[in-house]
Amino acid sequence: RLYRARGLSLDTTLSPNFAIEESIKALKAKGLFTADSVKRVAIIGPGLDFTDKAAGYDFYPEQTIQPFAVIDSLMRAGLSKADGLQVTIFDLSPRVLEHLKTARQKAARGIGYTVQLPYDPGAKWTSQWLSYWQNFGDQIGKASMPVDVPAGLGEMKSRVVKIHPAIVKLISPVDLNIVLQRSTQSENFDLIVATNILVYYDVFEQSLALSNIESMLRVGGVLLSNNALLELPVLKMKSVGYQTTVYSDRADDGDHIVWYLR
């Protein structure tokens, strides 16, 4: 109930996407996903960041990260190819939906999408987390010159990745409240990702959301969430494992990604 009265927040950061990549690799290793088997993906509430959730950086334009991070990870793991991949974004925020719609319109004109990736060396990231940051985007774009980091931020570093227009065009934003609505189409998603979103709801609302998510997953499809959710007996979607990813040596600096199999 910690966030019950807070209201939905759009802020986001890169770190949960590292945890998602680690889970994607583990799912492949366990045979739950096989090569080129993930073709239909949904992301619930990807967020829109102009001031990093973790540290409050505000020296770059607003951006969304997770849609591109998930594509990048799936391609790196050999589970998806750009040709034939479809990524649906479910969100109830007009700002997020309009931002993605504008990105798609620009991509249709051959303009890619720029992602800024700040890094504070003082955070003492693990070597695996730092490697993820260094290699982010190598499947979907190319490194570019970052904006100047303000002098007051000391040793702060930043990477910039320019994402190919063809990748941006894989993404389709859809206005949907996952608690109250489900897709009217037979989506049969292979993978649905929901991080830092279901925490805003109580058990009843989470159960409604799970029912809607289940209806949109194919049999054998997987939901990845960093929330442990109540598994009602009526649901056909059950947890089959989890992956713990540590970001640094700071206390509780990490994520537990739970795998729910339909």
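In this predicted model, helix α1 is followed by Gly31, a residue whose phi is positive, near 80 degrees.

**Helix α1 and its surroundings**

- Helix α1 covers residues 15-29, which makes 15 residues, and from its first C-alpha to its last it reaches 22 Å, a span close to the 21 Å expected at 1.5 Å a residue.
- Because 12 of the 15 residues of α1 are buried, the helix is largely enclosed by the rest of the structure.

**How α1 meets α4**

- Two packed helices are described by the angle between their axes and the distance between the axes.
- For α1 and α4, the packing angle is about 100 degrees and the axes are 10 Å apart.
- The two helices, α1 and α4, are therefore roughly perpendicular to each other, since an angle of 65 to 115 degrees counts as such.
- On the α1 side the meeting residues are Ser15, Asn17, Phe18 and Glu21, while on the α4 side they are Gln128, Trp129 and Tyr132.

**The nonpolar cores**

- In soluble globular proteins, nonpolar side chains tend to be buried together.
- The largest nonpolar core in this model has 52 residues, and the members that touch the most other members are Val41, Phe68, Ile71, Phe136, Ile163, Leu191 and Leu224.
- When residues up to four places away in sequence are not counted, Ile163 touches Phe68, Gly112, Tyr113, Val115, Ile140, Gly141 and Val168.
- There is also a second, separate core of 24 residues, which includes Val179, Ala194, Ile197 and Leu223.

- The side chain of Asp255 makes a polar contact of 2.6 Å with the side chain of Tyr247.
- The side chain of Asp190 makes a polar contact with the side chain of Arg218, at 2.4 Å.
- Beyond residues up to four places away in sequence, Asp190 touches Phe33, Ser37, Val38, Lys39 and Arg40, as well as Leu217, Arg218, Gly221 and Val222.

- Gln139 is found in the loop between α4 and β4, where it is partly exposed, with a relative accessible area of 32%.
- Although Gln139 and Met75 are 64 residues apart along the chain, their C-alpha atoms are separated by 6.5 Å.
- With neighbours within four places in sequence left aside, Gln139 is in contact with Asp72, Met75 and Arg76, and its side chain makes a polar contact with the side chain of Asp138 (3.3 Å).
- Lys142 lies in strand β4, residues 141-144, and counts as exposed at 57% relative accessibility.
- The C-alpha atoms of Lys142 and Val161 are separated by 5.5 Å, while the two residues are 19 residues apart along the chain.
- Apart from neighbours within four places in sequence, the contacts of Lys142 are with Gly137, Val160, Val161 and Lys162.

- Most residues other than glycine have a negative phi.
- Lys124 has a positive phi of about 55 degrees although it is not a glycine; this residue lies in the loop between β3 (113-119) and α4, and at 56% relative accessibility it counts as exposed.
- Asp252, which is likewise a residue other than glycine, has a positive phi near 60 degrees; its place is in the loop between β9 and β10, and it is exposed, with a relative accessible area of 82%.

How values were computed
Residues numbered from 1 in each chain as written. Predicted model: local features only at pLDDT ≥ 70, side-chain atom pairs only at ≥ 80, totals over all residues. Heavy atoms only, no water. Core = buried A, V, L, I, M, F, W, Y, C linked by side-chain atoms within 4.5 Å. Buried < 20%, exposed > 50% of the residue type's maximum accessible area, 1.4 Å probe, protein only. Contact = heavy atoms within 4.5 Å. Polar contact = N/O pair within 3.5 Å; in protein donor to acceptor, adjacent residues only side chain to side chain. Helix = DSSP H or I, 4+ residues; strand = E, 2+ residues; numbered from the N terminus. Expected span 1.5 Å × (residues − 1). Axes fitted to C-alpha atoms, helices over the stretch in contact; angles between N-to-C directions. Parallel < 35°, antiparallel > 145°, perpendicular 65-115°, else oblique.
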